[in-house]
Amino acid sequence: MELTISALWFTIALFLITVVLTRIANRRNTIDDVCTLPPPPEVKGIALMGLFPTLFTKGPEATMHYLYNKLGSAFTVSFLWKRTTFLVGQEASGVFFQGLESEVTQGNLFEFTVPMFGRDMGFAVDYATRMEQTRFFVESLRPAQLRSYVDPMLQEVENYFAKWGEQGVVDLKYEFEELLMLISSRCLVGKEVREKMFGQFCTLFHEIEEGVNFASFMFPYIPIPVNRRRDRARIRLKGILSEVVRSRKMFNRVEDDVLQRFIDSTYKGGRGTTVEEVSGMMLGLIFAGKHTSAMTTTWTGACLLSHAKYFDAALEEQKQIIKKYNGNIDYNILSEMVTLHSCIKEAARMHPALPTLVRQVKKDTTVRTKEGREYVIPRGDTLVNLVMVNNMLTHIYKDPKVYDPDRFRPGREEDKAGGKFSYTSFGGGRHACGGEAYAYMQIKIIFSHLLRNFELKLISSFPKPDWSKFLPEPKGKVMVSYKRCHLPST
């Protein structure tokens, strides 16, 4: 029954919501009369209904793999009068990741984020302004800035795990969500929120997160209770952040955090950011990073604790680094944790935080597939890149269903050997995730501390993806027993 419900939610997410996107896009799906190329193979009507048994019994990921194996790297699913075209593999994915805004766009697909973060940033503003704001995000998370976040991250991690007892049992998913929110409040928002109003901030932010659901995606402004709570929380959170911004400006106080970098950012024309823009961008950044980092951290923990070979390898790496640097950690030392990095990357490959990425086709677009076929994707199609299938392709990854971090080590590097867009857990191309380095850094700090200070054992079963969530996560609790230990520095 649970799998059936999850599969049904996935069906709604990928197909039914596209009907609503028709209202947003307000375009007909037509192909230019002079074009001689066919559209991708299409699944509709009775054939679509025939997929339901596979969807209900094996789940959405198996269903997408089935369609890929049957139809190839590009195929279309038509539900009612709306078409959704799916792309798999580096050859077909080029147009998705590198297409111009005039060809493929995020457009109004993310309208549901406007009432979450306000009308001064992101998908509420014009494309040029949104790209400028994206530049602010990227610049605030560059290596030069990341170096200054290491010590605050370390302090938060050490303080958090100091509250654990000598031994006990915890839910890793819950623990990591709490810890990553603490890190975000310290490094992103700043000490004013972290030290004086963290509890209130977290409660309100959780109410915004609850606004990410299927109903709010399709009807972001419908006055249902969860949307009302979301709207009230956004107003109060922006009020908190606005007060912090005004206070810093009034007293000429400068802090070393992302909030300060947003305050100091300027658009190309010389205009500075407004208080409202800064507040909205901060909420958007926390939301974008918290989910992906929390899910990747949890999956990494589950994978490491289920594979003794790689857990031991990561532990041995920590022993060597402790001996080499006398227990110290800084930005450069984190970069030497290549085994741990590969363990995290492999968990993200097998369990991407965003298993699908979505665009809208603005004009007829040609796609070439691995199978050597050419298709035209008509304007108006919703375009979906199947990250969860890309990362499991057998011609790129050896035994892709096996957790094998060594596939990313020198001598193999299967993702690089596979070519561009072979690994897309953090997106790629024009819309690659600007926070990837930040995410790896904080996850490394967390696991470095855990490996150095605790004996850990997974006591619940390995989690399955929860497809009933709008943003999939490990299903249920990830229960782990711990016992304090300490790796010697000599």
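**Entry 1**

The model is a predicted one, in which local features need pLDDT of at least 70 and side-chain atom pairs count only at pLDDT 80 or more, while totals for chains, interfaces and linings use all residues. Residues are numbered from 1 along each chain as its sequence is written, and side-chain values use heavy atoms, with hydrogens and water left out.

I noted the terms as I went. Helices (H or I, at least four residues) and strands (E, at least two) are DSSP runs, numbered from the N terminus. Angles run from 0 to 180 degrees between N-to-C directions, with axes as lines fitted to C-alpha atoms, for helices over the stretch in contact. Two strands pair if DSSP finds at least two bridges between them.

S5 and strand S13 (residues 479-484) run antiparallel and are joined by five bridges. I looked up Asp171, and its bridge partner in S13 is Met479.

**Entry 2: the six-stranded sheet**

I then turned to the open sheet of six strands, in the order S1-S2-S3-S9-S6-S4, where the pairing is mixed. Its edge strands are S1 (42-43) and S4 (104-105), and each pairs on one side only. Strand S2 (residues 74-79) is joined to S3 by six bridges, and the two run antiparallel. Phe79 has Lys82 in S3 as its bridge partner. Helix H4 (residues 60-71) packs on the sheet and touches S1, S2, S3 and S9, its direction making about 120° with that of S2.

How is S9 paired with S3, and over how many bridges? Strand S3 (residues 82-87) and S9 pair in the parallel sense over four bridges, and the partner of Thr84 in S9 is Thr382. Strand S6 (residues 356-361) runs antiparallel to S9, with five bridges joining them; there, Val358 stands opposite Val384.

I checked burial next, with buried taken as under 20% relative accessible area, exposed as over 50% and partly exposed in between (1.4 Å probe, protein chains only). Five of the five residues of S9 (residues 382-386) are buried, so the strand is largely enclosed by the rest of the structure. Thr382, Val384 and Leu386 point one way from S9, whereas Leu383 and Asn385 point the other way. In a regular strand the side chains alternate between the two faces of the sheet.

**Entry 3: H5**

Helix H5 (residues 89-98) lies across S3, S4, S6 and S9, at about 135° to S9. It is mostly covered, with seven of its ten residues buried. These are Gly89, Ala92, Ser93, Gly94, Val95, Phe96 and Phe97. I traced what they pack against: S3, S4, S6, strand S7 (365-368), S9 and helix H20 (387-390).

Because 27 of the 30 residues are buried, H16 is largely enclosed by the rest of the structure.

Helix H12 (residues 198-209) packs with helix H14 (residues 225-250) at an angle of about 140°, the axes being 8 Å apart. The two are therefore oblique to each other (under 35 degrees counts as roughly parallel, over 145 as roughly antiparallel, 65 to 115 as roughly perpendicular, the rest as oblique). Among the residues making the contact are Phe201, Leu204 and Phe205 of H12 and Arg230, Ala233 and Leu237 of H14.

**Entry 4: Val212**

Where is Val212 placed? I found Val212 in the loop between H12 and helix H13 (214-218). With 14% relative accessibility, Val212 counts as buried. Val212 and Lys469 are 257 residues apart in sequence, and 9.0 Å apart in space, C-alpha to C-alpha. Leaving aside neighbours within four places in sequence, Val212 is in contact with Phe112, Met116, Phe287, Phe470 and Leu471.

How values were computed: Contact means heavy atoms within 4.5 Å.
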